[in-house]
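Work through the exercises below with the sequence and the model side by side. Try each task before reading its solution.

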Amino acid sequence: MISVKGLQKKYGNVEVLKSIDCEIKPSEVVCVIGPSGSGKSTFLRCLNLLETITAGSVVINGHDLGNSKLDRVLVRRDVGMVFQQFNLFPHMKVLDNVMIAPIKVAKKSREVTKEKALELLAKVGLSDKADVYPSSLSGGQQQRVAIARALAMDPTVMLFDEPTSALDPETVGDVLAVMKRLAGEGMTMVVVSHEMGFAREVADRVIFMDQGYIVEEGTPADIFDRPTQDRTKAFLSRVL
Amino acid sequence: MGDYAQFLLPLAKGLGMTALLCIISAVGGSIVGLLVGLARASSIGFIRWVSAIYTNLLRGIPLLIILLFTFFALPLLIPGAVFSKLACGAIALTLFVSAYIAEVVRGGLESVPRGQFEAAEALGMNYFLKFRYIIVPQAMRVVVPPWTGIILAMIKDSSLVSVIGFVDLTQAGKIIGTTTMLPLLTFVVVGAIYFVICYPLGKFGRWYEKRLTVSLGRPQAVDLGPASTDLLAEEPLLQVRGEK
């Protein structure tokens, strides 16, 4: 589903991603962990073209992201993204946030979209918030709306960029619960997160990144209980 | 009173001409200004460069000179074409005002957080959809108050078109003042008419600003300070990442 080979990303002379190789299968939930500055967010952003790829290849559902004739819109419709800062559209009500992309990008009818949007809001537990502006919601609620907004485009992959890092501790659980349910439904997910508990419980595979490389990957039990690399051990001893 | 009545018609005609000139220039200047402002935020260097020259050049030349230039140079640049005085005045005012509006638009676009661009792109929106539905509506909140200020100034500056012989409100006042030998009274009336037009517009700007702040819940501190009003302000320009 996602195939990454020799992915490299440079900002000027700074090499953020050195050489990333990674395969992600359908319905797999992959958590990417690592210290800040390790390149994990950049890796995620390369998967939906928010960053241009310096070298190597990324193929998603048969679309080669390095191809200059690539239809970005087609790729992005397949890939949903949830941001650390939610990035809800503040000038639109919650329902419109969820409906705008299906209507304007996918050109779906208003009625069908509205029904689906209300279903999605129910799914993330926010049916009663359809008609309010995002600014009146808590961080956790905003993030759940952001998840609904991404799901409204029927993506086959969902990317989460530190989805709970900007949240108050008491609202983190609601967001993780929604993500966990999504994983249970078979959604392919790549999650950059500091939530080790979530990674251990929900992930099929954990990738540990440091300094632009994938240092170690394996099942949550492999990584958390039997890490083989010193850098992984050092990182885990600091965060667990 | 009967003596004064004969001057009402020319005054009303002048007012009509000023209104027509200002409406054309305000609409034209806003459209051109929006496009130039978007160009200044382009990811393509050449487009940014051309639009920066446009705004800096026009903001560095007095309106009076732009007016005289369009009046004398336009027929030379496009031989055979006949430009009415209204057209000359409207073109000059449009050019002049668009440069200022472009800067305000640029400032407005820069005030929209990076994440809004990324969220729109991640949802698969192309350039047009992203700006039309996500970025421009948010930039409007920042743009409208200074925009009304620019339009207000333009209405008052439009009195300069009298130099090319266009009979606007001011020119009508001049003529009446000379004929009646009552210049003071005439210009008090003319000034009052300008005030009556401009004051509500300023009020509208305040009202719109408040309305947007309310609907968006929280006011956002946006600095449109020296960086965006400075004649030589060039950088930093907004870069739309990922759009090549």
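**Exercise 1. A hairpin in chain A**

Task: Find how strand 9 and strand 10 of chain A pair, and over how many bridges.

Solution. Remember that this is a predicted model.
- Step 1. Strand 10 of chain A covers residues 213–218, and its pairing with strand 9 of chain A is antiparallel, over five bridges.
- Step 2. Pick one pair: A:Met209 has A:Ile214 of strand 10 as its bridge partner.
- Step 3. Look at the link. Two residues lie between strand 9 and strand 10 of chain A, and the unit is a hairpin. In the turn, A:Gln211 has a positive phi of about 50 degrees.

**Exercise 2. How covered is strand 9?**

Task: Decide how many residues of strand 9 of chain A are buried, and what follows from that.

Solution. 
- Step 1. Set the cut-off: buried means under 20% relative accessible area.
- Step 2. Count along residues 205–210 of chain A: six of the six are buried.
- Step 3. Sort the side chains. A:Arg205, A:Ile207 and A:Met209 point one way, while A:Val206, A:Phe208 and A:Asp210 point the other way. Both sets are buried.
- Step 4. Conclude: six of the six residues of strand 9 of chain A are buried, so this strand is largely enclosed by the rest of the structure.

**Exercise 3. The neighbours of strand 3**

Task: Identify which strands pair with strand 3 of chain A, and in which sense.

Solution. 
- Step 1. Strand 3 of chain A (residues 29–33) runs parallel to strand 9 of chain A, joined by four bridges.
- Step 2. Name two of the pairs. A:Cys31 has A:Val206 as its bridge partner, and A:Val32 has A:Ile207.
- Step 3. Turn to strand 8 of chain A (residues 188–192). Strand 3 of chain A is parallel to strand 8 too, again with four bridges. Here A:Val30 stands opposite A:Val190.
- Step 4. Check the cover. Five of the five residues of strand 3 of chain A are buried. A:Val29, A:Cys31 and A:Ile33 lie on one side, and A:Val30 and A:Val32 on the other.

**Exercise 4. The faces of helix 4**

Solution. 
- Step 1. List the buried residues: A:Thr113, A:Ala117, A:Leu120 and A:Leu121.
- Step 2. Find what they pack against: helix 3 (94–104) and helix 5 (139–151) of chain A.
- Step 3. Turn to the other side of helix 4 of chain A. A:Glu111, A:Val112, A:Glu115 and A:Glu119 are exposed there.
- Step 4. Go just past the helix. A:Gly125 takes a positive phi of about 75 degrees.

**Exercise 5. The nonpolar cores**

Task: Find which residues touch the most other members of the largest nonpolar core.

Solution. 
- Step 1. The core has 88 residues, and A:Val4, A:Phe43 and A:Leu47 touch the most other members.
- Step 2. Ask where the largest share comes from. Helix 6 of chain B (residues 127–157) gives 13 residues.
- Step 3. Another core, of 50 residues, lies apart from this one; A:Leu120 and A:Phe160 are among its members.

**Exercise 6. Chain B**

Solution. 
- Step 1. Of its 244 residues, 47% count as buried.
- Step 2. Take the contacts in chain B between residues at least 6 apart in sequence: 78% join residues at least 24 apart.

Conventions
Residues are numbered from 1 along each chain as its sequence is written. Chains are lettered from A and ligands numbered from 1 in the order in which they are written. This is a predicted model: local features need pLDDT of at least 70, side-chain atom pairs count only at pLDDT 80 or more; totals for chains, interfaces and linings use all residues. Side-chain values use heavy atoms; hydrogens and water are left out. Buried means under 20% relative accessible area, exposed over 50%, partly exposed in between (1.4 Å probe, protein chains only). Contact means heavy atoms within 4.5 Å. A nonpolar core is a set of buried Ala, Val, Leu, Ile, Met, Phe, Trp, Tyr and Cys residues joined through side-chain atoms within 4.5 Å. Two strands pair if DSSP finds at least two bridges between them.
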